[in-house]
Amino acid sequence: MYEIEQLQLSDEELTQSVETLLQGLTLTPEILERIQEVFVSEMDLALAMKPSSLQMENTYIPELPDGTESGTYLAMDLGGTNLRVLLMTLQQGEVTNEIVQYYPLPEHLRIGDGDALFDYLAKCIDNFAREQELQDDLMYSMGFTFSFPMRQSGLDSGVLVTWTKSFDCPSVVGQDAVLLLRKFLQKYGRNNIEITAILNDTTGTLMHGALMDPRTRIGIVLGTGSNGCYMERSSRVQHWEQQRHGERHVIVDVEWGAFGDNGVLDFIKTEYDRSVDEGSLLKNSFTFEKYIGGKYLGELCRCILQKLHESSLFLSQTSRDDFPPPWSFGSDNVCTIEHDTLRDGWEDVANIFRTKFQATNYTCDDLKIIRYVCGLISRRAAQLVALNTAVLLNRMAAEEGESITIAIDGSVYKHHPRLRQWIIDYTALWTRDKKTQYLLADDGSGKGAAIVAAIAEKLRRRNAS
Ligand code: BGC
């Protein structure tokens, strides 16, 4: 397992002062065990519909693709940095053709009036339908990937619980995103598009993974935000609002980003995590996501460095005014620094000092400190993701006794140079080397939407017969 190199600065006293300020970022085995216990207990409470910071939402998807899925489906993907409309052709479970169109999603649409946002979504779909010359006399099924916590009462209904990441259109909270999108599609005369399923990006990732490897039972996204879903025994799920059809399993969306919102994780919260939360768009919410999500890792790093600077331990020749302003130090910088650490180079760190901190007068200690900070927050993020995943795996493997594949996607997982290996190693450690493997399911949120739309169609046909 990669280790974080011990911090050894030019002066022993300086090393100790820095380490003292960073102490809370190292999770001891005892703390990790406690987090695990709390996670298990929050999961059980939520499944039993008791108060919990986890949602454990029933997605109403009772089966995985079996390779018979065929047809042409539309998809809309909303939730990350991009808004996309896709047209996909599936043949025997494989995406054989894919047309993707990206649309800008400026801040005034992400934050503000919900009707304006949904009007815009429908307008993009309408624009796509025209450009791709969809036939007016054909019905197209659409899978809507809406990567936010929602209450589902069926496969095609999703009531928004709260916005997350960089979205905040308060009027949509408590409303069904499918009904809203349908309403605006009608405004554009798009009666030939039917939204047959709404899904979370983790579900899409699980579905896409399942086509590549039928042993897939867990879907994880580690990108701007983070979350996981898994196949749960349906008898353990109490929230059912529709007639059931003898399903043995159902995909449950954990919504682990909100883990700890009720205070159960306060024992790991550092003053830096508090600063990130304070400055965030949605305060006191999505506690766990703020430890691991790509939207937050850069800001977390900046807050820590600022504290070290205020304590005269870091970049002492640089003025506070030259520090990057809040939320301007992206997680890509953490990845870049980690990359330098891994190959034992300094060029990229030095470049970040010059461009982000206007600092040309830095010391070897400064270089070591920024590396150390990035290592600590990256390892903590990896441990937290691995820990949740291990809990899911232990829960499932115990009953299935089989090898389980975890489909994973998201920018942080893909671009962080050593987080991936940490996640793999810690998962193995905490599942006592049960047979498990991670599988990158690239673009699960897009491809998964088409697969879920195909499954929705299969279920409809089956229920009608
Ligand atoms: C959302 C989840 C989503 C995750 C990854 C979180 O902020 O609440 O629904 O799966 O981000 O996109």
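Reply: The account below begins with the whole chain and then turns to the sheet.

The model is predicted. Its protein chain contains 15 helices and 13 strands. The radius of gyration is 23 Å, close to the 23 Å that the globule rule gives for 465 residues, so the chain is as compact as a globular protein of that length. Along the principal axes, the C-alpha atoms fill a box of roughly 75 × 50 × 40 Å. Of the 465 residues, 59% are buried.

Within this chain, 6 strands form an open sheet with mixed pairing, and their order is E1-E11-E10-E9-E12-E13. The edges are taken by strand E1 (57–58) and strand E13 (436–440); each has a single partner strand, so one side of each is left without a neighbour in the sheet.

Strand E9 spans residues 216–222 and strand E10 spans residues 226–233; the two pair in the antiparallel sense over 5 bridges. As one example of the pairing, valine 221 has asparagine 227 in E10 as its bridge partner.

A helix also belongs to this picture. Helix H6 (residues 201–212) packs on the sheet, where it touches E9, E10, strand E11 (249–253), strand E12 (404–409) and E13. The direction of H6 makes about 135 degrees with that of E9.

Contacts across the whole chain complete the description. Among contacts with a separation of 6 or more, 73% come from residues 24 or more positions apart.

Technical notes:
Residues numbered from 1 in each chain as written. Predicted model: local features only at pLDDT ≥ 70, side-chain atom pairs only at ≥ 80, totals over all residues. Heavy atoms only, no water. Pairing = 2+ DSSP bridges. Helix = DSSP H or I, 4+ residues; strand = E, 2+ residues; numbered from the N terminus. Contact = heavy atoms within 4.5 Å. Axes fitted to C-alpha atoms, helices over the stretch in contact; angles between N-to-C directions. Rg over C-alpha atoms; globule rule 2.2 N^0.38 Å. Buried < 20%, exposed > 50% of the residue type's maximum accessible area, 1.4 Å probe, protein only.
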